[in-house]
Each structure stands twice: as C-alpha cells, then as structure tokens.
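Subject: Structure handover

Hello,

Please find the structure below, with notes on what was found in it.

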Amino acid sequence: MALTTLVRVPDGINPGVRPARQATMLQLLGSPRHTYGRDCQPVTNANFKAHIVTRSVGPFRVTGFDKAVESLTVVMTEIKAERPEIHEALGSAGMLCARFVRGSEVSISNHSWGTAVDLTLDGSLDQRGDGFCQQGLAEIAPIFNRHGWFWGAGFRTEDAMHFEVADETIRQWFSGEPAIAEILSMGDRGPEVLSVQQKLNALGFTLVLDGMFGRGTMAQVMAFQRAKALTVDGVVGRKTAAALGLA
C-alpha cells in the first residue's frame, strides 16, 4: 500500500495526550503577537521571538519554538530508525505561522507558537476534514504520541497533516512555573470541548458540535452556570465540569 493511500482514521489514537489549551499557551509562553487574522503574520513579542529557531530536523528544515524543534528532531530520528521509507518521503508544509485556527476568529492556532507542524508525504498534503488520512501518517502517529505530540486527526474536523505538542508536554517543559488551573475556555478546541458541547446539548442547549470553544459555547456555558448558581465566567473549571458530569 502506498504511503499516500487514504485510509479511515484509526480508533484509539492520541492515548494520554490532548491538544494544548489556549490558556496553557498564553500563560506559559505568552502571546506571539497582539492581533491575529486568517493569514500568517510575523511574531512580534520580543521575549518569545528569542526562542524561535530555524534548523534541520532530518528530512526537512523548520522554523519554530526551540523546545518543539528539539522534540521534533528526536521524533524524526526515531521515525528514520523504525520507518526509513516514511522518513525519506516526509516534507513540511510549515511550522511557525501566527494566525487563527482555520474557520475561527477566537482560537489562536498553535502554529502561532511554532509548536505545531503540518507534514506532507511524497509532496502530497492530506486533505483536511474528509475523515480520511494518509497511510504513512497513521503509521508514524504513535511515534509522535510517545514523545508527547497530539495528532490532528483527533480533532472534530479531522486534520491528519497536523501534529502539535500536547498540553501535558508544554506543562512539563515549564514545570517550575506556577501551576495553571485545569480549565477549558474560549479559544480551546478538541475532544474535551466536544464533550462539553454534548453535555450541554443533552441538557437542552443547542450548540453546534464542532469541538471549538467559541462565543456561542461560552454564552451557553454561562447560561448553564447561571442556572446552577455557579460563578458565571464562561470558563469550564473544576466546579462547572463536575456540574456537567465531566469531572
């Protein structure tokens, strides 16, 4: 089977890793710039910019956050050892790109921090959102997972070309910093956000189940909090999660 053959996204992907939450990224790394749009823009935060490097990770060169580039180099070394034919076919469609997540005006893409990379196989880019993935990407995804990366095929809108440093890994990198609350807030996306939306809809709310914590999700979280006499902040923290039956 060719590496670019399209297959269904496997079951049980991303064990033990989750997408990096926006609150984690902003509190630990800071915001790469003041404003975002649909298109790539340069990093303007001088403190963060000092951590941006351009290096070869083996099959291609990338520009990204130094710790992410170091980790990606280790991943690529392991891919070369275990699956040399895939390593030879790999290319990159970009790592650092300060913008919103495609289709959102509130979620900052993790490409903005240079902690995510889009991969090609034999020059071919996997199509986003079709529910399929390239065979070669499915075969190397467990290697990324082992090194603390989340595979974008696990998003509600499948994004199999995309791999990003997981929330757990980011927190490990900054374990000496003050603890960050385990919250979901506007701008987050992924399976955990989808679970919140499903719980709310089961209670009679009418959210689009897209796994994106946008203004609509925040408004209905606030309505739920108000009904339950919780702090109305639009953030799914420990108490709100427990009230939703998620904790």
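**Helix 8 and its surroundings**

The buried residues of helix 8 are Thr217, Gln220, Val221, Phe224 and Gln225, where buried means under 20% relative accessible area, exposed over 50% and partly exposed in between (1.4 Å probe, protein chains only). Seen down the helix axis, these buried residues fall within an arc of 145°, so they line one face of helix 8; the arc is that of the directions from the helix axis to the C-beta atoms. On the other side of helix 8, Arg215 and Arg226 are exposed.

This is a predicted model, in which local features need pLDDT of at least 70 and side-chain atom pairs count only at pLDDT 80 or more, while totals for chains, interfaces and linings use all residues. Residues are numbered from 1 along each chain as its sequence is written, and side-chain values use heavy atoms, with hydrogens and water left out.

What do the buried residues of helix 8 pack against? They pack against helix 7 and helix 9 (238-243), contact being heavy atoms within 4.5 Å. Helix 8 covers residues 215-227, 13 residues in total, and reaches 18 Å from its first C-alpha to its last. That is close to the 18 Å expected at 1.5 Å a residue, the expected span being 1.5 Å times one less than the number of residues. Just after helix 8, Ala229 takes a positive phi of about 60°.

**Salt bridges**

How many salt bridges does a search of the whole structure find? The search finds 14, a salt bridge being a side-chain nitrogen of Lys or Arg within 4 Å of a carboxyl oxygen of Asp or Glu.

One of them joins Glu192 to Arg21, with the closest N and O atoms 2.9 Å apart. This pair links distant parts of the chain, 171 residues apart: Glu192 is in helix 7 (residues 191-202), and Arg21 is in the loop between strand 1 (6-8) and helix 1 (22-29). Glu192 is partly exposed at a relative accessible area of 30%, whereas Arg21 counts as buried at 7%.

Arg146 forms a salt bridge with Glu78, and here the closest N and O atoms are 2.4 Å apart. Arg146 belongs to helix 5 (residues 135-146) and Glu78 to helix 3 (residues 66-82), 68 residues apart.

The side chains of Arg128 and Asp159 also meet in a salt bridge, at 3.8 Å from N to O. Arg128 is in the loop between strand 6 (124-125) and strand 7 (132-134), and Asp159 is in the loop between strand 8 (149-151) and strand 9 (162-165). Arg128 is partly exposed, with a relative accessible area of 27%, and Asp159 is buried, at 3%.

Salt bridges that share partners join Arg18, Arg21, Asp167, Glu168, Arg171, Glu182 and Glu192 into one network.

**The chain as a whole**

The chain has 9 helices and 9 strands; helices (H or I, at least four residues) and strands (E, at least two) are DSSP runs, numbered from the N terminus. The C-alpha atoms fill a box of roughly 55 × 45 × 30 Å, taken along the principal axes. Buried residues make up 52% of the 247 residues. Among contacts between residues at least 6 apart in sequence, 62% join residues at least 24 apart.

Regards
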